[in-house]
Amino acid sequence: MSERGKVNSNTDGYDDQRLTHADLEHASYCYPEGKGFLAPFVMSLIALVLGLFGQTLPLLGLIVGAAALALKRISGVPRNDQKAPRTTTAIAVLGMLLSLGLSFYHPQPGTITFEIDAPDWQASYGTISVEVTGELDSEQTFNDTLEVTPNEPYLLDDYATGSYTFVVAAEDLEQDDERFELIDTSAACQLELEKDVEATIRLALVPRDGKLTLALSGTHIPSDTQQATINVTGMQPNGEPFTDTFMMTFGATRVLYDYGEGDYTFSIDPNLFTLDDTVYTISPQQCSFNEYDDVSVNLVATVDVQATQQLAEQHAAERAAAEAAAAAEAQRQREAAQQPTELTVYITDTGAKYHMSGCRYLRQSSHPISLSTAKAQGYTACKVCDPPN
């Protein structure tokens with residue numbers, strides 16, 4: 001047996017063939033190289049990259065991956081002498097699978113779930129119109145109208161990717177005798193591929209807590225001293241007429257809690273009155289009250305300049321007439337005081353004489369008369385009592 005084929009036994013109990021130093025000098029080893037060694041591995045990496053872009057480059061990664069596996073088999077390079085044979089196979093298969101899957105995968109836009117959140121909405125109120133406007137990713141504008149039942153999700157699964165805005169129609173916020181207000185004036189969302197989004201608009205029931213307030217005021221009219229009668233006429237929504245009357249003090253304000261929805265006219269009785277030689281007038285005021293919004297009505301007493309001027313002229317004329325009468329009476333009294341006092345004498349029913357008081361001829365009858373009058377009437381002096389001639 002030659003030295004190369006010699007079998008040595010070691011102390012561990014098994015045979016071992018070993019190369020001699022001479023054998024090692026004649027032996028040589030070359031590391032695998034060339035296209036057959038690297039090509040399958042490189043092509044598998046290319047297949048993986050192409051597989052990741054399968055949507056834009058469909059099936060190309062599948063083709064390159066299959067070519068890498070085929071080249072790995074037909075290259076003539078022993079499997080153990082190839083570059084990472086197992087890794088090459090795994091990468092090529094992965095690239096092929098990615099390319100195959102992404103080539104037939106077309107992502108779709110997500111679903112928009114739109115909802116009107118209105119806890120107090122009743123089913124009998126029906127639906128609400130919603131205007132949808134959008135700006136698509138394709139740079140096109142979008143418009144749509146939805147009929148949405150509040151509190152029920154509305155699914156939109158046929159919208160393209162883009163931005164959308166939802167706006168509720170204002171005329172639908174009043175239902176029967178109730179009114180709703182927008183907590184959110186609008187809702188917006190951005191729709192992307194394979195991503196669902198939500199958009200919500202909230203509504204709240206408007207409470208009927210509006211106040212109808214009446215104020216009675218006037219320039220230079222002392223408060224708490226003058227009261228006026230307020231007359232109210234109106235028409236309620238059901239067509240029934242409305243009337244009311246109450247007293248109110250100038251400068252006061254009154255909240256009319258018992259007044260419901262309707263159209264009202266407020267007036268004062270009388271609408272024309274005089275205070276301290278000044279004539280005031282108050283024009284009627286109208287208002288509409290819906291029980292939701294606060295409404296204020298102000299009855300203002302304003303000076304009627306023309307009537308006040310006429311009243312002043314009338315008072316001036318009355319004062320002038322009174323002053324003239326007083327002056328005439330004073331003149332008459334002055335003239336009477338300047339004249340001498342005339343003597344009073346007495347006449348009888350039958351006699352032709354005039355007498356002084358106490359004459360015996362006056363026992364049967366006696367009538368006072370001035371001396372001048374008696375003379376004018378033809379009476380002469382009594383010779384017994386001897387009155388002045």
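Tutor: Strands β8 and β9 run antiparallel and are joined by two bridges. The model is predicted: local features need pLDDT of at least 70 and side-chain atom pairs count only at pLDDT 80 or more, while totals for chains, interfaces and linings use all residues. Residues are numbered from 1 along each chain as its sequence is written, and side-chain values use heavy atoms, with hydrogens and water left out.

Student: What makes β8 and β9 paired strands?

Tutor: Two strands pair if DSSP finds at least two bridges between them. Strands of a sheet pair through backbone hydrogen bonds, either parallel or antiparallel.

Student: Why are β6 and β8 called the edges of their sheet?

Tutor: The sheet is open, has five strands in the order β6-β3-β11-β9-β8, and its pairing is mixed. β6 (154–156) and β8 (174–175) each have a single partner strand, so one side of each lacks a neighbour in the sheet. As for the word strand, it denotes a DSSP run (E, at least two residues), whereas a helix is a run of H or I with at least four residues; both are numbered from the N terminus.

Student: How do you know that aspartate 293 and arginine 179 form a salt bridge?

Tutor: The name requires a side-chain nitrogen of Lys or Arg within 4 Å of a carboxyl oxygen of Asp or Glu. The N to O distance for aspartate 293 and arginine 179 is 3.6 Å, so the pair qualifies. Its partners belong to distant parts of the chain, 114 residues apart: aspartate 293 is in the loop between β19 (285–289) and β20 (295–303), and arginine 179 is in strand β9 (residues 178–182). Arginine 179 also meets glutamate 174 in a salt bridge, at 3.7 Å from N to O. The whole structure holds five salt bridges.

Student: Which salt bridge does aspartate 184 form, and is aspartate 184 buried or exposed?

Tutor: Aspartate 184 is bridged to arginine 202, with the closest N and O atoms 2.8 Å apart. Aspartate 184 sits in the loop between β9 and β10 (187–191) and arginine 202 in strand β11 (residues 197–205), so the pair ties together parts 18 residues apart in sequence. Buried means under 20% relative accessible area, exposed over 50%, and partly exposed in between (1.4 Å probe, protein chains only). Aspartate 184, at 18%, is therefore buried; arginine 202, at 38%, is therefore partly exposed.

Student: What joins Glu174, Arg179 and Asp293 into one network?

Tutor: Salt bridges that share partners join these three residues.

Student: Why are the buried residues of α4 said to line one face?

Tutor: The buried residues of α4 include Ile91, Ala92 and Met96. Seen down the helix axis, the buried residues fall within an arc of 135 degrees, so they line one face; the arc is that of the directions from the axis to the C-beta atoms. The face turned away from the buried side carries the exposed residues Arg86 and Leu97.

Student: How many aromatic pairs are there, and why is the pair of phenylalanine 242 and tyrosine 264 given its particular name?

Tutor: Rings of Phe, Tyr and Trp (its six-membered ring) pair if their centres lie within 6.5 Å; planes under 30 degrees apart are stacked, over 60 edge-to-face, and the rest tilted. The count comes to 10 aromatic pairs. Phenylalanine 242 and tyrosine 264 have centres 5.3 Å apart and planes at 85 degrees, an edge-to-face pair. Phenylalanine 242 is in strand β14 (residues 241–249) and tyrosine 264 in strand β16, so the pair ties together parts 22 residues apart in sequence. Tyrosine 259 and tyrosine 264, with centres 5.2 Å apart and planes at 45 degrees, are therefore tilted.

Student: What makes arginine 254 a charge over a ring?

Tutor: The rule asks for NZ of Lys or CZ of Arg within 6 Å of the ring centre and within 35 degrees of the ring normal. The charged end of arginine 254 sits over the ring of phenylalanine 246, at 4.2 Å from its centre.
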